[in-house]
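Here is a friendly briefing to read alongside the model. Keep the 3D view open and look up each residue as you go.

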Amino acid sequence: MEEFDLLVIGGGAAGMAASLAAARRGQRVLLAEREARLGGILNQCLHSGFGGGLTGPAYARQLIDRVNASAVCVRTGTDVLRIFPDRTALLSSRTGLERVEFQKCILASGCRERSVWSLPVAGSRPAGVFTAGTAQKLMNLGGYDIGDGVVIMGSGDVGQIMARQLAQAGKRVVAIIEQRDQLGGLPRNRRDCVEAYRIPVLLQCTVDEILGAGRIRGVMVRHLPTGRRWELPCGTLLTALGLIPDRALCRELLEDGALPEWLRLCGNCDYVHDMVDSVVREAAQTAF
Amino acid sequence: MEYTDVAVIGAGLLGCFAARALTALDIRVTVLEAREDVCTGISRANTAIVYTGCDTKPGTLKTELCVRANRDFGRLCRELDVRFSRCGSLMAAFGPRAEAVLRKKLDQGRENGVPGLELLGPGEARTMEPGLSRDVTLALYAPGTGTVDPWELCIAAYENARANGADFRFSQEVRRMARTESGFLLETTDNTYAARVVVNCAGLRADAVRELTERPTVRIFPTAADYLVLDDTVSGFVKHIIFHEPEEKGKGLTLVPTVDGALLAGPTERPRDTAPDWATAREGLEELQALCAQVVPGLPLEETIRSFASLRPNPYAVREEQGQWVREGRSISSFTVLEENGLISLIGVKTPGLTCAAALGEYVSDMAARVLGQPGRNPRFDPSRRGIVRAHDLSEADRAALIRRCPDYGQIVCRCRDVTLGEIKEAIRRGAVTLEGVKRRTGAGMGRCQGGRCMEPILELLAEAQGVPPWRVTGDGGAAMVRGELRHGRV
Ligand SMILES: Cc1cc2nc3c(=O)[nH]c(=O)nc-3n(C[C@H](O)[C@H](O)[C@H](O)COP(=O)(O)OP(=O)(O)OC[C@H]3O[C@@H](n4cnc5c(N)ncnc54)[C@H](O)[C@@H]3O)c2cc1C
Ligand SMILES: Cc1cc2nc3c(=O)[nH]c(=O)nc-3n(C[C@H](O)[C@H](O)[C@H](O)COP(=O)(O)OP(=O)(O)OC[C@H]3O[C@@H](n4cnc5c(N)ncnc54)[C@H](O)[C@@H]3O)c2cc1C
């Protein structure tokens with residue numbers, strides 16, 4: 001069994017920064033990333049605004065170059081399937097299934113998006129409903145057209161960024177629907193994405209029901225203070241309902257709700273960050 | 001025109017198991033299914049319970065088949081390589097009305113020959129199922145109750161029937177049927193079939209199919225049902241199937257810890273017109289949430305990952321009144337199996353139709369054999385089938401060996417449920433043509449992200465297999481998931 005001082009799970013901004021910091025201190029580090037390349041969520045964020053004026057991939061490039069120049073042992077295309085209490089982990093890749101041994105572990109697995117199906121939203125389950133991040137990935141990495149006449153449910157940053165991107169791509173954004181009395185997300189995104197592109201916003205409203213049999217044809221909107229309901233036709237629904245730290249891997253390791261002392265969380269897996277610079281800064285400090 | 005001995009209409013659980021049983025005979029069997037794959041009707045959306053037979057009246061066909069089917073279920077699942085969990089059930093009462101129902105079910109179950117039934121006091125019940133509300137007053141324990149993945153079971157029956165020679169034709173909706181001297185002539189959208197015997201397993205449309213040649217006597221009046229699914233993170237919270245027998249009128253709640261570790265809550269009962277077919281209703285979902293909180297108060301409802309709806313095919317006797325067919329009395333509770341000069345119809349088979357699917361398949365195959373003059377056995381019939389290997393369920397050593405043989409099993413596609421590329425490719429090779437087809441065969445896309453991460457690679461694999469661009473690949477409802485390429489390539 002291969003042995004490492006530190007196993008870092010996830011090669012996004014957080015995992016890369018934590019690996020670099022540990023390697024600088026002379027630790028033998030294994031960085032495992034399930035995707036074919038490092039970068040995490042940065043890879044699909046083609047807008048600029050990372051670390052000043054860089055795009056996501058450009059920001060990632062800087063970190064990747066540093067990782068490649070360091071002593072960090074990188075395995076891409078490698079999923080960590082399980083972490084065991086005896087400080088071994090099970091890794092799966094096309095080259096095989098293996099266990100590695102480690103002293104410490106940093107979980108930097110990022111976050112996942114809350115899906116609309118987890119809410120008591122009634123109706124059918126038609127085509128044309130995506131989380132904002134999935135839509136972003138489909139468009140930016142896959143080059144796919146996800147549809148027109150877009151309603152965005154929830155006003156998280158990812159949703160606002162997608163509203164701008166869709167508007168730039170010549171799509172009609174029907175509305176952003178937000179249940180609170182103001183938009184969520186960074187003020188910057190409100191200004192540059194929603195106001196600049198005159199995206200209609202429905203505040204204090206929610207989506208009650210999804211309409212359509214094959215493809216989505218509309219949503220039932222409810223105005224929360226009055227209970228008034230109306231049908232809003234649309235061809236696509238994106239949901240930006242919030243991000244949840246993805247900690248599935250450490251669920252079985254909790255002892256009375258606490259992590260073992262050899263395991264730490266960092267980046268979006270610790271809590272959801274707005275800015276990548278703070279992810280990188282904290283990750284460097286998280287390293288044991 | 002194509003000739004066959006038996007035409008089975010519909011490829012849900014009943015059609016697939018009828019076909020499987022029929023292929024044990026030395027005859028030609030053709031299955032005509034309106035949709036693009038098996039298991040797209042009621043068989044895809046139900047409570048997934050293997051019942052014991054204590055809920056139905058002694059001496060009926062339903063009871064007889066159910067008790068037998070339950071006893072034989074382990075063997076069936078071993079034969080078909082299908083996961084089956086005999087987790088047992090607790091029927092919980094919260095007051096005198098429900099207690100009386102439990103006592104009656106105990107007596108009835110014993111009379112029906114259901115083994116192991118036991119009444120438990122509140123203390124015992126809560127020792128077995130600690131999450132159960134403190135308000136429980138009595139529980140009926142049935143160790144024989146189990147759960148199975150209805151998709152897996154239906155697909156297994158289909159694959160086994162196909163391997164034994166049944167000819168499945170998809171996108172073949174039977175629109176016309178006529179009697180001829182030698183049997184039947186069936187017209188689908190684009191083909192004609194001649195068959196000596198017809199086995200009508202058209203689910204919600206079984207009455208309509210029968211009426212292509214017969215006068216109405218039974219009709220289906222559907223009601224709707226809603227369900228919630230909780231993530232496998234709640235696995236272990238509920239260990240047994242829980243039937244909540246409500247004190248007031250109403251449907252109560254059923255909780256099922258499924259074979260893949262998720263928790264199913266439902267079904268509600270509401271009129272069909274409260275929502276479009278197969279769509280959930282808000283009131284239904286809210287009712288389920290409230291019932292969950294009452295029956296298992298600590299249940300983390302925030303772990304909900306999905307909801308879905310179904311339709312119950314309630315059969316009623318009908319009579320003509322001023323040119324209209326109106327229903328009479330209460331819904332027929334027995335299994336309605338009609339044989340009318342070579343037309344065998346299963347009409348309105350509700351619960352426990354999943355439990356009894358194999359038994360009903362044999363029942364109608366015996367009927368067909370009588371009509372056909374007792375043909376010989378198929379000498380090549382083999383009742384066993386192997387499922388798609390689930391890397392997740394293998395031991396570490398076996399999983400490692402599998403990856404060495406085929407690297408595709410080392411690459412994870414669905415992260416929530418740990419489904420590998422090898423499994424997805426195998427599902428497509430075995431006939432999946434939609435995202436849901438892959439999901440029903442492998443579990444990919446059923447987890448907490450609901451396909452958010454694995455939809456794209458699966459779309460691309462389906463597209464490659466079908467030789468079409470990804471925007472031609474459809475979901476269950478017939479619509480494409482993505483619309484096309486972006487005009488300017490990547491933005
Ligand atoms: C849409 C969006 C827009 C943003 N825009 C900006 C912006 O404009 N400016 C800015 O400064 N910040 C922005 N941010 C915030 C910031 O970029 C992110 O918070 C940061 O990149 C997150 O890094 P991370 O490493 O924590 O997570 P991620 O980038 O998500 O990395 C997690 C990695 O872990 C891998 N992984 C997970 N589980 C496993 C496993 N079991 N085995 C192996 N690998 C695994 C994943 O594949 C992934 O690569 C944005 C964030 C989002 C989501
Ligand atoms: C809400 C609910 C919960 C249930 N829970 C349980 C349970 O926990 N345990 C249990 O044992 N049983 C349960 N059942 C019963 C069980 O699910 C059904 O008995 C079983 O699935 C019926 O299968 P089927 O093949 O008749 O119907 P379906 O699966 O609906 O199949 C019918 C097929 O016929 C096709 N078809 C229709 N018309 C035509 C045509 N003209 N030409 C060609 N094809 C056609 C359809 O496309 C469809 O594929 C439940 C039922 C419901 C409704």
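**Charged pairs and nonpolar cores**

In chain B, the side chains of D226(B) and R270(B) meet in a salt bridge, with 2.8 Å from N to O. D226(B) sits in strand β14 (residues 223–230) and R270(B) in strand β18 (residues 270–271), so this pair ties together parts that are 44 residues apart in sequence. Both D226(B) and R270(B) are buried. Please keep in mind that this is a predicted model.

- Side chains of opposite charge can pair when their charged atoms come close.
- Over all chains, the structure holds 62 salt bridges.
- One of them brings together the side chains of D79(A) and R415(B), at 3.4 Å from N to O. D79(A) belongs to strand β6 (residues 79–84) of chain A, while R415(B) is in the loop between β24 (412–414) and β25 (419–420) of chain B, so the pair joins two chains. D79(A) and R415(B) are both buried.
- R83(B) and D149(B) also form a salt bridge through their side chains, at 3.6 Å from N to O. This pair links distant parts of the chain, 66 residues apart: R83(B) is in the loop between α2 (61–80) and β4 (84–85), and D149(B) is in the loop between β8 (146–148) and α5 (150–163).
- Why does R83(B) count as buried? Its relative accessibility is 18%, and buried means under 20%. D149(B) counts as buried too, because its relative accessibility is 10%.
- A network of salt bridges links D208(A), E209(A), R222(A), R229(A), R282(B) and E286(B).

**Domains and nonpolar cores**

- Chain B is divided into domain 1 (2–44 + 151–221 + 315–371), domain 2 (89–143 + 225–274 + 288–308) and domain 3 (391–472).
- Taken over C-alpha atoms, the centres of domain 1 and domain 2 of chain B are 33 Å apart.
- The largest nonpolar core has 82 residues, and those with the most contacts inside it are F17(B), L22(B), L153(B), F168(B), V199(B) and L360(B). Domain 1 and domain 2 of chain B both give residues to this core, so it lies between them.
- Apart from that core lies another, of 47 residues, including V150(A), I458(B), L459(B) and M481(B).
- Leaving aside neighbours within four places in sequence, F17(B) has contacts that include L76(B), L80(B) and L153(B).

**A buried serine in a loop**

- S133(B) lies in the loop between α4 (122–128) and β7 (138–142) of chain B.
- S133(B) counts as buried because its relative accessibility is 4%.
- Beyond its neighbours within four places in sequence, S133(B) is in contact with F94(B), R126(B), Q294(B), V295(B) and P297(B).

Terms used: Residues are numbered from 1 along each chain as its sequence is written. Chains are lettered from A and ligands numbered from 1 in the order in which they are written. This is a predicted model: local features need pLDDT of at least 70, side-chain atom pairs count only at pLDDT 80 or more; totals for chains, interfaces and linings use all residues. Side-chain values use heavy atoms; hydrogens and water are left out. Domain bounds come from an automatic or database domain assignment. Helices (H or I, at least four residues) and strands (E, at least two) are DSSP runs, numbered from the N terminus. Buried means under 20% relative accessible area, exposed over 50%, partly exposed in between (1.4 Å probe, protein chains only). Contact means heavy atoms within 4.5 Å. A nonpolar core is a set of buried Ala, Val, Leu, Ile, Met, Phe, Trp, Tyr and Cys residues joined through side-chain atoms within 4.5 Å. A salt bridge is a side-chain nitrogen of Lys or Arg within 4 Å of a carboxyl oxygen of Asp or Glu.
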